[in-house]
Amino acid sequence: MVGPTTRSKKGTGPPTGASVPTTESASQSSGAGRALLPASCPLCQRSFTTVNGLGQHRRRAHPEVVNAEIQTDRKKARWSKEELMRLAHAEARLVIEGCRFLNQELLKSFPDRTLDSIKGQRKGKAYRESVASFVSQLRSSVASAGPSGASPVAEEPLPGSPSVSQDDEVDAAIWSALADLPSSGSRFKLVDDIVALGPNTSRDIVRSMLPSALDAVGSKEPAAHPPLPFGARRPPDKKRARRRWEYAAVQRAFRKNAARCVNGLLDGTLLHQPPSIPGLVEFWKDLFTAPCASSRPRSKEGLSPMLLASSQPVSFRDLWAPITSEEAAAALPPRNSAAGPDALTPAQLRRLPHPVFLKILNLFLLARSLPSRLLRARTTLLPKKTSPASPADFRPITVCSVLARAFHKVLAGRLMRYCVLDGRQRAFIPQDGMLHNSFLLDLAMAHSRRTACSLYVASLDVSKAFDSLDHGALSPVLRAHGLPVEFVEYVRGCYQASTTVICGGGSSSDLVRPSKGVRQGDPLSPILFNLSIDLLLSRLPGYIGARIFSRRVNAAAFADDILLFAETKGGLQELLSTATSALGDLGLEVNPFKCFSLALVASGREKKVKVDNSVIFRAGNKNIPALAMGDTFRYLGLQFSTSGLSQFHPRQEVQEQLDIIKRAPLKPQQRLFALRSVILPGTYHGLALGRTRLGALKSLDVCVRAAVRAWLRLPDDTPIGYFHAPVIYGGLGIPATRWLGPLLRRRRLASMEGLGVIVDEPSQDILKREICRLDNYLKWDGDVIKTSYQLGRFWALRLHSSVDGAALRRSAQTPGQHSWVSNTRLMLSGRDFLACVRARISALPSRARLLRGREGDTRCRAGCNASETNNHVIQHCWRSHEARVERHDAVALYMVRGLRRRGYDVHRELHLRTSQGLKKPDIVAVSGTTAFVIDAQVIGDHLDADRCHREKVEVYDQQPVHTEIKRMFPEVQMITTTSATLNWRGVWSPASAKALIGIGFNSNHLSTMATRALLGSIMAARRFDSMTAPRRRMMPRTGVG
């Protein structure tokens, strides 16, 4: 969540410090000039033919003036339903407390109302029924909570807490599951020794033997002081040496992690070390070990361990059941995740026999705790901003052992399955919470303006939410959600025994035992944080909230980003007081300077809504900023204004990133990777959740194509389909935001519609209208593009229908043959990659290519009686004959080496003297009783590749050839004949590729051979250009044959 910012645009309002003229004063002041027309703007003197045009102009060009003219003062304002319910609830509380002078006390709570108005509302029948209902609810809650001042952690078992017999049943089930697993072998004998102890073994014995078993797995005892990373080498001072140093550093980082390298180039941290922050480690050490805010006096409600109304007791038998093989496989961490302090890497964990891994996880269940080495963690401070200025601008990421992470991932999955979370919390759940919350906020603001009803919104920013959660608050929170005592004790024991070392800024701390906070990096932390925030959401009064069509909404949460909604000023203030009180009980504090409020006050007479920044709210003991007309704020990465969701304009940011990548020491293929995998995906969030115009998306695509055209040195008439068609179809695979943006948004909205998150009919109508609008953007040939496959086919047809792209039409029939385009690890130099990309689309300079659409001589410069096209230059001209031979030999030689690595006895250009004459196939490969005859050919781009393949096979698939091969290799009984057929643009014959794959080649080999053919074609074109002879010289033939 980002706080409010003031938007200032040229011509949108008066200059700072100047008074805003009203309509009357502007009319008088302009009398000395020209006379105002009936439809003239008094502020900028623009004239309009209609009053409606003038009104639209004033709302867009002078929104502050129009907003200030709206009158919202009312002498006798009507009572809203929310205000009546607040009055009834306040009276019910006074009745419970035994107050005698109700009217006078209610007047103190509602100072904007008169005493007579309050008396009049209390006479209504519906109001009295509401008071009686609130009194009944308050009395029942007081009776269930017990006497005030009770301990926040109750010792009485809740429903669902395990009994002794149930506890033994769970342990017996785990022992039985362990006994069914196969033996682990001699290397993991210590693991089998624990399993062999049997069900009668005490838990303490299992705990004492677990460390020895972990040694066999590869988990080591963490070092007392972890080694610090080496500092970056200082770059040379000389310009040329510095360029070489930067190139080596970037290439080394790209090979290690390509995406991280690109992000480092974009934010400037890869080649330039960020300035050191003094006191960085000490700041976070003090924060982790400081007393919790919840140690101060709690609110009246306190942290009650009573079961929440929305929760159901969770059975210990379900939560602590034996871990299955499927759960263990799903819990394995990704290969690129970091190792913990015990030095056990995810790759090592994945190499463990699966039964061993499954036994260890179930032994953790039996022990009811983790060994101390697995509770040791390493906290790395990562910057949240490009240029951090203070220790608070860093985010602590705590990494523990991969074994602990895998075990906690299993527990987190079970908690998500059995715990009932509040529906207003949308983070860390398998649903599109960002879309739901952003859509809800925009819908609430639009509904307020459309129906001219008041809306009050407040955004809460919790300071260091994950790092400040009180450990003492976790136990009552978990008990209140019906979780069993054994699990609560496990969580409490984990956090009490956890230690970490804080690393950042080139230094590290001693061993720290945090007293608060949940680990960012632990799979169990998100669900624990959600359960804690549920306490806040459950305390918010349900009778307060903004009415959006047929439902009432009072809160929307995404982790610690909390929005509060109300129809009245007093209602929002009550929500704020309740929320800050609940956060205080959790040890959390609100940062009022990063919070904000928005007041949309209705003017019933004018049927308008005014943005009123004079309405001030308080969070705790401090005021929070109020948004004024023209201010903007960010929520979940989206830009909002006081009118709703703003338009998303990504071109400027993308252009700046393209300029950075252009100047970076990267190869062309690496620049394409940065564009496809980092820069454009960075816009997907705004494209999918924000509002965009087609003109802005088209402008972005033009900007991207211009950059790619410059990187790859492609001519201006390169087909647009070549840029945006997927790689499998012969394109470069660069997403086109003109089509991808609406497709992403439509897909997200359709998923929300299918889940039934939006339940009321008017909201569903708005959702359907938005989907219909996107369908109009995605129409193509009478159909609507709804999937990525359809979008890929759309661009493929555009590419293949062009003159230069027609030869790529059969690309998709051989998957993987164009993988060299997107594979940055292929050993292709930047120069060769540029050449291959240009040859693939026939963008090489030739007379016919350069004179397209113009008159001129297109005959071959070598004296051939043919048009000088790329196909003629590379495939037929006498100047490129030797290059064609070398290209053919390069493809054949690659197959020879590959076959020999697979154990074939390979013979090149074996002379087979048959009754039909001498036959010289490129390759005869013998393996056992089978022989393969392979002949390579690189054909023109206008020929049918499969037909050429069949013709080549017919040449050698004859009985005389088979007879001669069997004579030379008596052990051969079966002979298979095929060819390696591809055109000079690197497109394989599907039949030939299928046959080669059957021999033992794969798609990577086909892709490499395609690059050999492309490089040979480039060599042929270069030799053609380097020669100056106008016609072929007839050399006398010598020798025989």
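Two strands count as paired if DSSP finds at least two bridges between them, and the strands themselves (E, at least two residues), like the helices (H or I, at least four), are DSSP runs numbered from the N terminus. On that basis, Val-926 stands opposite Ala-931 in E24. The model is a predicted one, so local features need pLDDT of at least 70 and side-chain atom pairs count only at pLDDT 80 or more, while totals for chains, interfaces and linings use all residues. Residues are numbered from 1 along each chain as its sequence is written, and side-chain values use heavy atoms, with hydrogens and water left out.

Five bridges join strand E23 (residues 923-927) to strand E24 (residues 930-939), and the two run antiparallel. Both belong to an open sheet of four strands with mixed pairing, ordered E20-E23-E24-E25. Strands E20 (905-908) and E25 (974-983) sit at the edges with a single partner strand each, so one side of each has no neighbour in the sheet. From one strand to the next, the twist averages 20°. Helix H38 (residues 959-968) packs on this sheet and touches E24 and E25, its direction making about 115° with that of E25. Here, contact means heavy atoms within 4.5 Å; axes are lines fitted to C-alpha atoms, for helices over the stretch in contact, and angles run from 0 to 180 degrees between N-to-C directions.

Zooming out, the chain holds 40 helices and 25 strands. Among contacts with a separation of 6 or more, 72% are between residues 24 or more positions apart.

Now for the interior. A nonpolar core is a set of buried Ala, Val, Leu, Ile, Met, Phe, Trp, Tyr and Cys residues joined through side-chain atoms within 4.5 Å. The largest such core has 154 residues, of which Phe-364, Leu-483, Leu-564 and Phe-565 touch the most other members. Helix H17 (residues 354-367) gives the most to this core, with 10 residues. Leaving aside residues up to four places away in sequence, Phe-364 has contacts that include Leu-210, Leu-214, Leu-403 and Phe-407. A second, separate core of 94 residues includes Phe-794, Phe-833, Cys-836 and Ala-883.

Glu-82, in helix H4 (residues 81-97), counts as buried because its relative accessibility is 0%. Beyond residues up to four places away in sequence, Glu-82 touches several others, among them Tyr-543, Arg-552, Glu-567 and Gly-571.

Notes
Buried means under 20% relative accessible area, exposed over 50%, partly exposed in between (1.4 Å probe, protein chains only).
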